[in-house]
Amino acid sequence: MLKSKRDRGRILTASGLKKLNEALQEWSDRNNIRGTLTEIEAESGVGADTVSKIKQGREGADLSKIRQLFAAFEMTLAASDHRSAKLEEPENLDELDNSPAAEDTASSRIVKVFVSYRSAEPDRELGKQLEIALSAIGHTVFTAENNIRLGDNWFDRINLFLQECDYLLILLPPTGNQSELLTYQVQQAKELQDSRPDRKPIILPIRVGFPLNAPLNHDLRGYLYRIKQREWKTSADTPIIIEEVLNLLAEQPAPVIEETEDLTQKQLLEISSDEIPLPAAEPELPGGQVDVASQFYVERPPIEERCYQTIVQPSALIRIKAPRQMGKTSLMARILHHGARQGYCTVPLTFQLVDKAVFANLDKFLKWFCAYVGRELHLPNQLDDYWDEIFGSKVNCKDYFEKYILPQIDSPLILGLDEIDRVFQYPDIAEDFLGLLRAWHEESKRRDIWKKLRLIVVHSTEVYIPMNINQSPFNVGLPVDLPEFNHQQVQELAARHNLNWSEAEVEELMAVVGGHPYLVRVALYHISRSGLTLDELKETAIADAGIYSDHLRRQLWNLEEYPELAQGMREIVTGDCPVPLKAMQAFKLDSLGLVRLQGNECVPRCELYRQYFRSHLSAIV
């Protein structure tokens with residue numbers, strides 16, 4: 001009997017493809033063979049090209065060949081195992097053994113789905129397979145590849161897809177490839193959910209070659225908290241994923257109830273500039289924290305003023321993030337100093353100096369934390385009176401602050417937590433400790449005793465700790481991302497070193513070291529104190545006896561300790577264009593202050609680093 005003109009042959013449904021793949025795997029395991037197309041052809045008598053066509057499901061095959069292949073591996077082809085390669089009109093069921101197609105039940109509920117995937121493999125192949133399977137049973141499918149044309153505004157089109165769709169089916173690549181655009185899509189979807197009573201679009205995340213225990217980037221981790229994710233490892237998982245997605249879309253989604261919190265910052269207060277410490281006059285060789293009385297601390301308006309305004313508020317939490325030697329600790333010191341001038345108690349704590357043994361477990365760490373804060377406030381250690389193992393470490397720590405430390409002081413307490421990156425190295429401790437800080441911050445909005453506590457959290461690296469977005473201290477409070485010095489600030493700092501520089505001279509220095517605060521200050525110190533000229537600085541900047549020799553050698557040592565970082569830095573300094581790196585590589589190099597991030601790509605932070613590491617990294621990589 002002749003086929004209809006519209007008949008493009010048959011392709012396997014998700015359940016049929018799963019059945020076939022499982023049978024082929026069992027057969028190859030039993031016979032200790034690889035199960036190649038040639039071997040399958042020899043066993044079944046079905047040509048290798050046809051076998052490939054059947055397994056891939058991208059175009060139809062003769063029904064008789066599919067039956068032959070199933071029979072060869074002791075399977076019966078059921079009606080639910082196959083369907084038309086193109087469903088544009090009702091099928092002639094008489095030609096197909098009068099058996100109804102199983103996909104009719106799945107297509108009884110038609111929805112709109114935005115399938116988001118990278119153009120790189122294997123993401124693209126899985127995305128296309130999902131698109132084919134969804135479209136075949138009548139769902140409306142949007143993809144960037146098919147629905148965004150050359151010249152279209154990408155953001156406008158993506159926003160339209162998200163507003164129109166019922167589901168966002170997003171394929172998540174490994175962390176290093178989790179772009180800002182991908183994060184943007186999830187963020188927009190979450191915002192749409194929050195604004196709609198039907199909570200659409202529903203997000204369905206699938207990790208592609210990306211284990212479930214591997215960390216997402218910080219933003220995605222928050223957005224996807226408590227959303228079930230699936231993992232795709234190999235092409236054998238494709239039919240399983242497709243079947244699960246089809247079954248999920250066929251069901252009416254259950255209503256989602258989420259608790260929300262008002263995290264709006266309170267109105268900032270005003271302070272007068274005469275509260276800032278008076279400067280000293282003697283030039284200083286830069287290194288570490290800039291003294292609060294130093295004239296060589298250059299403000300970066302409006303950052304300092306906002307921090308001073310914020311810290312005097314109940315519930316204050318300030319988050320300072322910047323690469324090494326950008327002035328984070330110096331800013332924290334000045335905020336603490338400002339608080340002290342208001343009569344507040346202040347406790348600076350740098351985790352970089354904490355012994356490794358303290359991080360043995362959460363209980364030991366929190367006991368140490370409580371004891372340290374108490375000691376800095378000159379309070380006797382009363383841990384034995386407040387620590388009861390039946391309640392757990394976090395409750396005990398909270399009680400110690402709530403019932404002992406805070407009642408003992410008559411004024412607000414500012415905790416300055418510097419180098420908190422060190423805690424990130426111990427995920428089991430970090431998640432609980434950071435969650436505790438957030439809980440205290442929330443308590444301060446409800447209870448007077450906790451209104452005494454103000455927090456400053458300082459870190460260099462991105463936070464790779466899986467946390468509930470409502471339990472993380474890194475998405476509330478005042479965020480401060482310290483920038484480099486601009487042209488005017490460098491010129492002002494030169495004047496403080498008694499250098500009457502022209503704009504051209506400022507640009508000459510910045511052409512070498514950019515606006516990096518530490519590197520600028522080192523140059524100005526030596527030029528003002530030892531008569532070094534700009535021309536000499538440029539000629540000797542990367543020399544072993546140059547003014548940056550110790551700094552550069554220490555940075556080189558940092559890279560030698562971590563070959564993956566050295567390799568990434570080498571790619572950056574030898575390339576003429578920005579270089580994409582794995583996210584963890586990029587963030588670590590940024591935290592060391594060696595690179596500047598441009599989206600997903602990296603460039604050397606300054607010409608000094610480009611020249612030095614270009615000539616030194618080839619020997620160690």
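The buried residues of helix α12 are Ile303, Glu304, Cys307, Tyr308, Gln309, Thr310 and Ile311. That makes 7 of the helix's 9 residues, so α12 (residues 303-311) is mostly covered, with buried meaning under 20% relative accessible area. Keep in mind that this is a predicted model.

**Around helix α12**

- What do the buried residues of α12 pack against? Their partners include two helix and strand neighbours, α13 (328-341) and β8 (317-321).
- Strands β10 (413-418), β11 (453-459) and β12 (478-481) also pack against the buried residues of α12.

**The parallel sheet**

- Five strands make up an open sheet, running in the order β4-β3-β5-β6-β7 with parallel pairing.
- At the edges sit β4 (140-142) and β7, and each of them pairs on one side only.
- From one strand to the next, the twist averages 25°.
- Strand β3 (residues 112-116) runs parallel to β4, and 3 bridges join the two.
- If you want to find that pairing on screen, look for Lys112, whose bridge partner in β4 is Thr140.
- Strand β3 is mostly covered, with 4 of its 5 residues buried.
- Helix α6 (residues 123-136) packs on this sheet and touches β3, β4, β5 (167-172), β6 (202-208) and β7. The direction of α6 makes about 155° with that of β5.
- Helix α11 (residues 238-250) lies across β3, β5, β6 and β7, and runs at about 150° to β7.

**Gln229, in a loop by β7**

- Where does Gln229 lie? You'll find Gln229 in the loop between α10 (218-223) and β7 (230-232).
- Is Gln229 buried or exposed? Its relative accessible area is 15%, which is under the 20% cut-off, so Gln229 counts as buried.
- The side chain of Gln229 has a polar contact of 2.6 Å with the side chain of Arg207.

**The antiparallel sheet**

- Another open sheet has 3 strands in the order β13-β15-β14, and here the pairing is antiparallel.
- Both β13 (579-580) and β14 (595-598) stand at the edges with a single partner strand each, so one side of each has no neighbour in the sheet.
- Strand β14 pairs with β15 (residues 601-604) in the antiparallel sense, over 4 bridges.
- Which residue of β15 is the bridge partner of Arg596? That partner is Val603.
- Helix α24 (residues 563-574) packs on the sheet and touches β13, β14 and β15. The direction of α24 makes about 70° with that of β15.

**A crossed helix pair: α2 and α4**

- Helix α2 (residues 37-44) packs with helix α4 (residues 63-72) at an angle of about 90°, and their axes are 9 Å apart.
- Angles of 65 to 115 degrees count as roughly perpendicular, so α2 and α4 are roughly perpendicular to each other.
- On the α2 side the contact has Ile40, Glu43 and Ser44, which meet Gln68, Leu69 and Ala72 in α4.
- By type, the residues of this contact come out as 3 nonpolar, 2 polar and 1 charged.

Technical notes. Residues are numbered from 1 along each chain as its sequence is written. This is a predicted model: local features need pLDDT of at least 70, side-chain atom pairs count only at pLDDT 80 or more; totals for chains, interfaces and linings use all residues. Side-chain values use heavy atoms; hydrogens and water are left out. Axes are lines fitted to C-alpha atoms, for helices over the stretch in contact, and angles run from 0 to 180 degrees between N-to-C directions. Angles under 35 degrees count as roughly parallel, over 145 as roughly antiparallel, 65 to 115 as roughly perpendicular and the rest as oblique. Contact means heavy atoms within 4.5 Å. Ala, Val, Leu, Ile, Met, Phe, Trp, Tyr, Cys and Pro count as nonpolar, Asp, Glu, Lys and Arg as charged, and the others, Gly among them, as polar. Two strands pair if DSSP finds at least two bridges between them. Buried means under 20% relative accessible area, exposed over 50%, partly exposed in between (1.4 Å probe, protein chains only). A polar contact is a pair of N or O atoms within 3.5 Å; within protein, one must be able to donate a hydrogen and the other to accept it, and residues adjacent in sequence count only if both atoms are side-chain atoms.
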